[in-house]
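Colleague: I'm new to this structure and would like to learn how to read it. Could you take me through a few features, one at a time?

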Amino acid sequence: MFDLSSYNTFNLTVYAQAGRVITAPEDLTQPLGGPYIILGAGSDVLFTEDFAGTVLINRIGGIELGSKVDERGAPNDLGDHILVRVGGGVLLDELIDYLLDQGICGLENLSLIPGTVGAAPIQNVGAYGVEIGTFIAQIEARDVLSGKQVILSGEQCRFGYRTSIFKEQGWSSLFITHVTFKLPLKFTPKVNYAGLQSCEFKQARALRERVIALRNEKLPNPKYVGNAGSFFKNPYVSAQVVAQLKERYEQVPCYPQSDGSFKLAAGWLIDKANCRGIKHGQVGTWGNQALVIVNLGGAKPHEVVALAKYVSAEVQNKFALDLVPEVRLYGKHGELSWDQI
């Protein structure tokens with residue numbers, strides 16, 4: 001059995017039948033038989049029980065600074081962007097810190113998000129108004145079922161809110177070995193979200209430090225408190241739903257979208273459903289951010305599931321809105337949908 005305790009940030013004691021640490025694309029040239037799961041840092045994952053298959057751990061390293069390019073991506077020594085090729089096992093936050101030292105910006109709003117570069121495109125991770133897919137020029141991957149290499153452009157990845165082509169049927173067998181980013185050399189701060197709007201940032205490093213401070217104020221560090229970050233996705237609703245909510249509450253945190261819909265803050269909904277800071281057994285919701293479910297020490301997978309179901313039901317009862325997990329769920333035989341647990 002392969003111990004997954006150190007490979008999931010919920011710090012749950014779970015096991016896989018087998019495990020392999022991948023340090024180079026060549027480790028994946030032989031087709032894989034039987035059920036499998038691909039993991040980075042395990043920071044956006046909930047194992048509901050032991051897994052009866054093989055877990056592949058991405059630890060491919062390396063950061064390569066490439067050529068300068070213009071807005072269209074064409075090579076140009078005077079370009080205002082640069083291509084950066086990164087191994088899928090590199091930690092995202094360490095990459096951001098390194099890039100800022102080189103005068104390369106764009107990803108600073110994603111600071112302190114736990115997880116690897118290879119896992120980030122799958123969920124199209126985002127924070128404070130920035131999504132990682134915006135900056136991805138190319139992805140290199142290996143199909144673990146055939147051993148073949150696959151290269152996709154950023155457009156081919158079909159990035160959306162917390163989703164991508166890698167979550168679709170027929171594409172989930174791709175193990176991301178390298179990500180090439182197209183990043184700006186000129187700092188343009190993105191400060192549309194609360195906590196950033198009132199600040200003036202002249203340097204990307206200052207924005208990174210502010211984002212880190214905000215995250216530390218609201219979110220528990222998984223090194224000390226087991227959690228997988230935001231457990232639920234922010235729901236998208238119509239303008240009519242927002243209007244109805246504003247009749248009941250003075251302030252409704254909502255963000256207009258280009259299609260006329262609005263993104264609601266799931267944490268606010270959970271808070272108003274009286275589920276912030278609650279405890280069930282050895283799990284609870286975080287007192288400073290209701291969107292985060294935490295392991296209070298020695299929690300079992302079924303306790304996390306039970307609390308998540310309870311929170312979802314309370315929000316449904318109060319607002320008639322469904323919350324869907326952002327965290328990926330894995331059972332004995334592989335990935336599960338929310339309705340399957």
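Colleague: Let's start with salt bridges: how many does a search of the whole structure find?

Modeller: A salt bridge here is a side-chain nitrogen of Lys or Arg within 4 Å of a carboxyl oxygen of Asp or Glu. Searching the whole structure turns up 11 salt bridges. Keep in mind that this is a predicted model, where local features need pLDDT of at least 70 and side-chain atom pairs count only at pLDDT 80 or more, while totals for chains, interfaces and linings use all residues. Residues are numbered from 1 along each chain as its sequence is written, and side-chain values use heavy atoms, with hydrogens and water left out.

Colleague: Which residue does Glu 64 meet in a salt bridge?

Modeller: Its partner is Arg 85, at 2.7 Å from N to O. Glu 64 sits in strand S6 (residues 63-69) and Arg 85 in strand S7 (residues 81-87), so the bridge ties together parts 21 residues apart in sequence. Helices (H or I, at least four residues) and strands (E, at least two) are DSSP runs, numbered from the N terminus.

Colleague: And are buried and exposed just matters of cut-offs?

Modeller: Buried means under 20% relative accessible area, exposed over 50%, and partly exposed in between (1.4 Å probe, protein chains only). Glu 64 is partly exposed at 42%, and Arg 85 is partly exposed too, at 24%.

Colleague: Where do Arg 162 and Glu 326 lie, buried or exposed?

Modeller: Both are buried. They form a salt bridge, with the closest N and O atoms 3.6 Å apart. This pair links distant parts of the chain, 164 residues apart: Arg 162 is in the loop between strand S11 (149-153) and strand S12 (174-184), and Glu 326 in the loop between helix H6 (301-319) and strand S20 (328-331).

Colleague: What about Asp 97, which residue does Asp 97 form a salt bridge with?

Modeller: That would be Arg 205, with the closest N and O atoms 2.5 Å apart. Asp 97 belongs to helix H1 (residues 92-101) and Arg 205 to helix H3 (residues 204-218), so the pair ties together parts 108 residues apart in sequence. Asp 97 is partly exposed at 30%, as is Arg 205 at 26%. Both belong to a network of salt bridges that also links Asp 93, Asp 101 and Arg 208.

Colleague: At what angle do the axes of H1 and H3 cross?

Modeller: Axes are lines fitted to C-alpha atoms, for helices over the stretch in contact, and angles run from 0 to 180 degrees between N-to-C directions. The axes of H1 and H3 come within 10 Å and cross at roughly 155°. Contact, meaning heavy atoms within 4.5 Å, involves Asp 93, Ile 96, Asp 97, Leu 100 and Asp 101 of H1, and Ala 204, Arg 205 and Arg 208 of H3.

Colleague: Let's finish with Phe 47: buried or exposed?

Modeller: Phe 47 is buried, with a relative accessible area of 1%, and its place is in strand S4. Leaving aside neighbours within four places in sequence, Phe 47 has contacts that include Leu 4, Ile 37, Pro 301 and Tyr 330. Strand S4 (45-47) is also among the elements covering the buried residues of H6.
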